[in-house]
Amino acid sequence: MSGVVDATETETRTDRDRDESLATGVFLEAYPREAKVVRICFGVALAALGLIGVFGLVQALHRTGFYRGFVSSADYYTVLSAHGVLVAFVFTTFFVAGLFTWAVTLSLDRPLPHPRLTWTWLGMLSLGTVMAVSAVLGGLLDFVPMEADVLFTFYVPLEAHPVFYVGAALVIVGSWLAGASYFLAYREWREDNPGERIPLQTFMVLTTFLMWYLSSVGVAVEVVVFLIPWSLGIVPQVDPLLTRSLFWYFGHPVVYFWLLPAYLLWYTVLPKLAGGRLLSDPLARVVFVLFLLLSTPTGFHHQYLDPGIAEGFKFVAMTNTMFLLLPSLLTAFTVVASMGHGARQRGGSGRLGWLRALPWDDPAFSGLALAGLMFAAGGFSGMVNAGMNLNYLVHNTLWLPGHFHLTVGTATALSAMAIAYWLVPQLTGKRLRFHGLAVVQPYLWFVGMTLMSNAMHRGGLAGLPRRTAEPQYDQVSFEGVVGTVGEMQLQIAVGAVLLFVSLALFLTVIVGTWLGPRGGQLRVNGDIPEPLSGPESAPRVLDNLRLWFAIAVVLVVLAYALPLWDMVADGVFQPGTPPLSP
Amino acid sequence: MEVHRYEKIWIGISLLVIVGWIATVVFGAVGPGIAMVDDSGGQIADPSNPTESDAFRDPGVYQVGENEYEVYVLARQFAFQPGTSEPIRVPANSTVTFYVTSPDVTHGFEVVGTNVNTMVIPGQVAELTVEFDDPGRYGIVCNEYCGSAHHTMEGTIEVVEQDEVNGTEGDT
Ligand code: HEM
Ligand SMILES: [Cu+2]
Ligand SMILES: [Cu+2]
């Protein structure tokens with residue numbers, strides 16, 4: 001990989017041992033413009049994360065019944081819409097855009113071409129965000145004459161203000177242009193470096209974006225062709241089943257769009273922070289190719305319980321989903337093995353004793369490692385979701401939020417926080433402040449999430465519905481399979497408070513650093529050592545992105561052509577419904 | 001590309017887990033015959049008027065065989081009909097097929113504590129068959145957000161002794 005100072009030298013040294021001269025914000029000095037772009041993206045993403053935490057706390061206290069004074073139960077859904085939209089469209093997209101800008105620039109060792117293009121996509125993402133989020137918050141603020149209480153899934157025929165849909169579309173198209181920036185940078189690099197292997201981080205970015213182009217077409221068609229005209233009254237009715245199928249065509253791969261940035265970090269940065277290096281570059285490439293191939297033809301697993309879709313199509317989606325476990329299991333192996341390698345470089349030994357040699361007091365390291373650990377737990381609960389029959393037990397229960405707070409809510413979010421500890425100094429030239437707070441923050445998140453998520457999973461098994469302001473009824477009672485409902489509610493509430501405090505600590509550290517003075521020893525450096533087994537041993541065909549993209553398209557056609565045809569054969573807008581207010 | 005021996009073992013185990021997991025579902029489908037919600041319930045051309053359609057009858061409980069019943073349920077903002085204002089009553093030891101649709105927005109139909117669970121989508125009829133063996137009460141909740149009073153949307157199924165059922169006609 002380029003952007004590397006000297007691979008052998010980093011072998012036995014860790015960040016903090018390096019001397020000042022080598023560690024003064026290399027990225028900022030080499031690429032001031034890109035550093036600024038990444039700073040803006042991270043700024044928006046982390047601010048969104050703060051709001052997500054505020055709304056999350058309100059939800060948790062409200063639905064468990066501990067405190068319902070913040071909003072009415074009708075407004076609960078406005079808050080939940082904001083929480084979900086900020087996660088699905090804002091925090092994740094901006095974090096991905098920022099991280100990938102850093103990764104492409106660093107690994108190609110050149111600035112992004114066409115600055116105008118960069119500012120265009122950044123502008124579109126920002127405008128789209130302002131539109132979508134203000135439409136949602138309009139439900140809470142009387143002076144904003146808009147509402148979008150439709151949650152982040154915006155199922156037809158629940159209606160949102162047109163500004164919401166236009167904002168969502170702008171975010172999607174903005175992300176496409178961000179991808180264009182990365183592909184153009186790669187093309188320029190390729191002209192100068194014919195025959196060379198694509199640098200690993202860039203390879204990861206490009207495969208992720210190919211997957212993203214293929215899958216986000218679904219939601220783009222849903223929003224632009226159907227929802228915008230329908231909300232403006234140009235089209236009288238749209239088909240609820242078709243539009244939700246288009247949504248879920250995008251709705252599963254989108255989670256990989258959120259997750260693959262974490263994978264990129266686990267593969268390329270975590271081993272270095274552990275004191276070692278990635279074991280195998282070729283296997284990392286295989287994993288990303290598998291994600292490109294298998295992420296999209298799986299969306300029907302969110303529709304196992306939908307009427308109107310034949311069982312066979314659901315079965316195909318399930319099979320693909322299960323095979324999608326493979327790249328994640330491979331990743332688990334590599335990550336653990338790379339950490340083990342790092343620990344041994346640091347003098348660790350023994351069957352489990354090596355764990356003690358890892359730098360657990362480095363928040364960038366501990367955050368990434370704990371995020372990976374929680375993701376493994378999330379993977380198991382995901383296997384239950386993916387089982388077509390088990391899904392009946394948990395579909396739309398609290399089990400699901402239990403699951404995805406481990407995945408996007410921790411694997412992505414905690415990785416984002418961890419990498420901020422490492423990157424923000426390199427992007428601002430400022431030494432991390434409040435280091436002590438940063439050290440405890442990932443652990444606090446881990447404990448809070450363990451409480452909240454385990455209780456949500458068990459609550460789901462007891463039948464507690466998700467997306468519900470007051471899950472308590474006159475005619476219905478819930479019985480815990482493990483534990484009592486009261487105890488689960490308590491764990492959810494306490495977990496939520498801890499998560500909120502953890503987020504507050506994180507933002508204190510980052511804002512404090514950002515506003516603080518420049519200079520001083522940064523304590524981090526951006527070198528990324530070469531993998532033990534480099535790209536030379538990877539088969540050339542792995543870099544043939546055209547081939548993989550073509551196969552991915554074929555798989556999508558196989559999985560989706562027939563069921564979509566079933567839905568549109570009777571007329572694209574049939575059976576259709578007019579907009580209805582929530 | 002060389003792959004370390006441990007990693008090969010790991011890949012082997014991973015593939016076994018994946019194939020095994022798929023096999024359990026296949027087994028569940030062909031063995032105990034766990035049926036999935038699918039397209040068998042049919043479609044409704046004008047979703048806001050389900051009862052006009054051949055695929056749907058007036059909401060209520062219908063006896064269709066000796067121990068077989070069909071129950072037509074409308075899920076609407078914010079009630080199940082029947083289910084909310086009066087319970088759905090079916091006899092014990094019967095096979096009940098539910099047909100559920102919505103004249104307005106998307107809802108959920110979850111019988112709490114069981115794996116009876118389906119989405120209710122305007123324009124589509126969800127069909128699920130359930131065996132009720134013993135008398136008892138089951139709660140129904142809407143588990144898909146359907147609007148500002150979504151959390152009030154609930155109902156009941158009462159499984160009663162054979163001779164306690166009177167209404168075999170559609171009652172709303
Ligand atoms: C302080 C931290 C957080 C707390 C206390 C919290 C709490 C909650 C609760 C209680 C719900 C369920 C509401 C319901 O179904 O009625 C929820 C939903 C959700 N949360 Fe969080 N959350 C937090 C952070 C996050 C983060 C960091 C992410 C992802 C990056 C996330 C993603 C989601 C998503 C996608 C939903 C589903 C929204 C929907 O159903 O429409 N949350 N959260
Ligand atoms: Cu999914
Ligand atoms: Cu509802």
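A backbone N or O atom of A:Thr468 sits 3.3 Å from an oxygen atom of ligand 1, which puts the pair inside the polar-contact cut-off (N or O atoms within 3.5 Å; within protein, one must be able to donate a hydrogen and the other to accept it, and residues adjacent in sequence count only if both atoms are side-chain atoms). Keep in mind that this is a predicted model, where local features need pLDDT of at least 70, side-chain atom pairs count only at pLDDT 80 or more, and totals for chains, interfaces and linings use all residues. Residues are numbered from 1 along each chain as written, chains are lettered from A and ligands numbered from 1 in the order written, and side-chain values use heavy atoms, leaving out hydrogens and water.

**Around ligand 1**

- The side chain of A:Tyr76 has an N or O atom 2.6 Å from an oxygen atom of ligand 1, and the side chain of A:His83 has one 2.7 Å from a nitrogen atom of ligand 1.
- Helices 3 (32–64), 4 (73–108), 16 (399–428), 17 (435–461) and 18 (485–515) of chain A each give two or more residues to the shell; helices here are DSSP runs (H or I, at least four residues), numbered from the N terminus.
- Helix 3 of chain A gives the most, with 8 residues.
- There are 27 residues around the ligand, and A:Tyr76, A:His83, A:His405, A:Arg466 and A:Arg467 come nearest (near means a heavy atom within 4 Å).

**Aromatic pairs**

- Over all chains, the whole structure holds 45 aromatic pairs (Phe, Tyr or six-membered Trp rings with centres within 6.5 Å; planes under 30 degrees apart are stacked, over 60 edge-to-face, the rest tilted).
- A:Phe154 and A:Phe164 pair edge-to-face, since their ring centres are 5.8 Å apart and their planes at 75 degrees.
- A:Phe154 is in the loop between helix 5 (115–137) and helix 6 (162–192) of chain A, and A:Phe164 is in helix 6, so the pair ties together parts 10 residues apart in sequence.

**Charges over rings**

- A:Arg244 has its charged end over the ring of A:Tyr155, 4.5 Å from the centre (NZ of Lys or CZ of Arg within 6 Å of the ring centre and within 35 degrees of the ring normal).
- In chain B, B:Arg57 lies over the face of B:Tyr62, 3.7 Å from the ring centre.
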